[in-house]
Amino acid sequence: MSKVNIAPTNDFCPQTLFLYGTYDDEGKPDFGLFCWFSYLSDDGHLGVMACIGGEKLTKDNIHKRKVFSANLVTEKLLPLADYMGTVDGRANPDKMNVDIAIDKGSVLPVPVLKDSPVTYELEVKQFIPLKGAEVILCDIRNVIMDEELTKDSASLEEKLASIAPVSTTAVTYFDWTGKELGGWGKVKEQFKKN
């Protein structure tokens, strides 16, 4: 197979989607959709590195409280996630007037989505400012996981199929097998707001 040189892109490197949960100044939950999320190992401890570009209410809340949740997005959650990722909370103060099941974190003061099968409770260790974005290094303080995922009754493939995590690349959402689920800003039409 021949190769060509092209401009920088990540079109064929899908990223897993997470809804980051924070509380605002009045103690109300806020969620934003992000995909620049990966893992790090520091002295044998698993951590998270997240990157948030631009100015966002979620980023402001993370700076103020130094904690947030990262809730894995599944096919079931995708319409909500697309809504949360394409509606600006600053321009639309009613963004969070939606019917979603939210719990409190088990270890940190963060909102968590009951319907997410895997949620990380994250505490910020360090902010690394860039020109138009910021990398956030975090300790994983707790993982909230559906109990069925912890059992040996199914293979890893069967567990992934059962939770159906979503990834994204090239402004398109994909299921865990690579099937297209729709474009950014289009899937939210399936989400019913109050």
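This is a tour of a predicted model, selection by selection.

Residues are numbered from 1 along each chain as its sequence is written, and side-chain values use heavy atoms, with hydrogens and water left out. Because the model is predicted, local features need pLDDT of at least 70 and side-chain atom pairs count only at pLDDT 80 or more, while totals for chains, interfaces and linings use all residues.

**The sheet**

Start with the strands (E runs in DSSP of at least two residues; helices are H or I runs of at least four; both are numbered from the N terminus). Seven of them form an open sheet with antiparallel pairing, in the order β3-β2-β6-β9-β10-β5-β4; two strands pair if DSSP finds at least two bridges between them. Select β3 (29–34) and β4 next: these are the edges, and each has a single partner strand, so one side of each has no neighbour in the sheet. On average, neighbouring strands here are turned by 35° against each other, direction ignored.

Now select β5 (residues 45–53) and β10 (residues 133–145), which run antiparallel and are joined by seven bridges. One place to look is G53, whose bridge partner in β10 is A133.

**T22**

Select T22 in strand β2. T22 counts as buried because its relative accessibility is 1% (buried is under 20% relative accessible area, exposed over 50%, partly exposed in between; 1.4 Å probe, protein chains only). Beyond its neighbours within four places in sequence, its contacts (heavy atoms within 4.5 Å) include K28, D30, N61, F68 and P111.

**Aromatic rings**

Select F18, Y20, F34, F37, Y39, F68 and Y120, which ring pairs link into a cluster. Rings of Phe, Tyr and Trp (its six-membered ring) pair if their centres lie within 6.5 Å; planes under 30 degrees apart are stacked, over 60 edge-to-face, and the rest tilted. The count by this rule is nine aromatic pairs. One of them, Y20 with F37, is tilted, at 6.3 Å centre to centre and 50° between the planes. It links strand β2 (residues 18–23) to strand β4 (residues 37–42), the two residues being 17 apart. Y20 and F37 are both buried.

Notes
Axes are lines fitted to C-alpha atoms, for helices over the stretch in contact, and angles run from 0 to 180 degrees between N-to-C directions.
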